Amino acid sequence: MIMVKNKSARNFREYKVWQDAVAYASKVYKITQDMPWFEKKGLCDQLQRAVVSISSNIAEGSAKP
């Protein structure tokens with residue numbers, strides 16, 4: 001007997017945690033744009049990549065069974 005899992009797609013955009021992560025990313029981007037030029041390359045880039053990965057990981061995890 002073959003068992004078929006219910007593969008209904010989950011809409012991660014409806015998750016409160018994902019919405020909070022996107023709002024947090026917006027705040028971090030706003031804060032980092034006002035940082036001094038010598039911080040732009042290192043710290044700002046790292047903060048921006050890290051904060052984007054939060055919502056990305058939530059979206060990726062919602063696709064897993």
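Helices (H or I, at least four residues) and strands (E, at least two) are DSSP runs, numbered from the N terminus. By that definition, Phe12 falls in the segment before H1, and the protein chain as a whole has 2 helices and 0 strands. The structure is a predicted model, in which local features need pLDDT of at least 70 and side-chain atom pairs count only at pLDDT 80 or more, while totals for chains, interfaces and linings use all residues. Residues are numbered from 1 along each chain as its sequence is written, and side-chain values use heavy atoms, with hydrogens and water left out.

Of the 65 residues in the protein chain, 20% are buried, where buried means under 20% relative accessible area, exposed means over 50%, and partly exposed covers the values in between (1.4 Å probe, protein chains only). Contact here means heavy atoms within 4.5 Å. Among contacts between residues at least 6 apart in sequence, 56% join residues at least 24 apart.

Helix H2 spans residues 37–62 and has 26 residues. From its first C-alpha to its last, H2 reaches 37 Å, close to the 38 Å expected at 1.5 Å a residue; the expected span is 1.5 Å times one less than the number of residues. Helix H2 also bends by about 45° at Leu43, the bend being the angle between axes fitted to the seven residues ending there and the seven starting there. The buried residues of H2 are Cys44, Gln48, Val51, Ser55, Ile58, Ala59 and Ser62, and these buried residues pack against H1. As background, an α-helix has 3.6 residues a turn, so residues three or four places apart point the same way.

Ser55, in helix H2, is buried with a relative accessible area of 12%. Leaving aside neighbours within four places in sequence, Ser55 is in contact with Trp18, Ala21 and Val22. Ser62, also placed in helix H2, counts as buried because its relative accessibility is 7%. Not counting residues up to four places away in sequence, Ser62 touches Arg10, Phe12 and Tyr15. A polar atom of the Ser62 side chain lies 2.7 Å from the backbone oxygen of Ala59. Asn57 is likewise found in helix H2, but with 48% relative accessibility it counts as partly exposed.

Phe12 brings the segment before H1 into the picture. At 18% relative accessibility, Phe12 counts as buried. Setting aside residues up to four places away in sequence, Phe12 touches Trp18, Ala59 and Ser62. Phe12 and Ile58 are 46 residues apart in sequence, yet their C-alpha atoms are 7.4 Å apart in space.

The structure holds 2 aromatic pairs. Rings of Phe, Tyr and Trp (its six-membered ring) pair if their centres lie within 6.5 Å; planes under 30 degrees apart count as stacked, over 60 as edge-to-face and the rest as tilted. The rings of Phe12 and Trp18 have centres 5.3 Å apart and planes at 70°, so this pair is edge-to-face. Trp18 is buried, with a relative accessible area of 18%. The rings of Trp37 and Phe38 have centres 5.8 Å apart and planes at 85°, so this pair is edge-to-face. Trp37 counts as exposed at 73% relative accessibility, and Phe38 counts as exposed at 52%.

Charged side chains complete the description. In general, side chains of opposite charge can pair when their charged atoms come close. A search of the whole structure finds 1 salt bridge, defined as a side-chain nitrogen of Lys or Arg within 4 Å of a carboxyl oxygen of Asp or Glu. The partners are Lys16 and Asp20, whose side chains meet at 2.7 Å, N to O. Both residues lie in helix H1 (residues 16–33), 4 residues apart, about one turn of the helix. Lys16 counts as exposed because its relative accessibility is 55%, whereas Asp20, at 38%, counts as partly exposed.

Conventions:
Polar contact = N/O pair within 3.5 Å; in protein donor to acceptor, adjacent residues only side chain to side chain.
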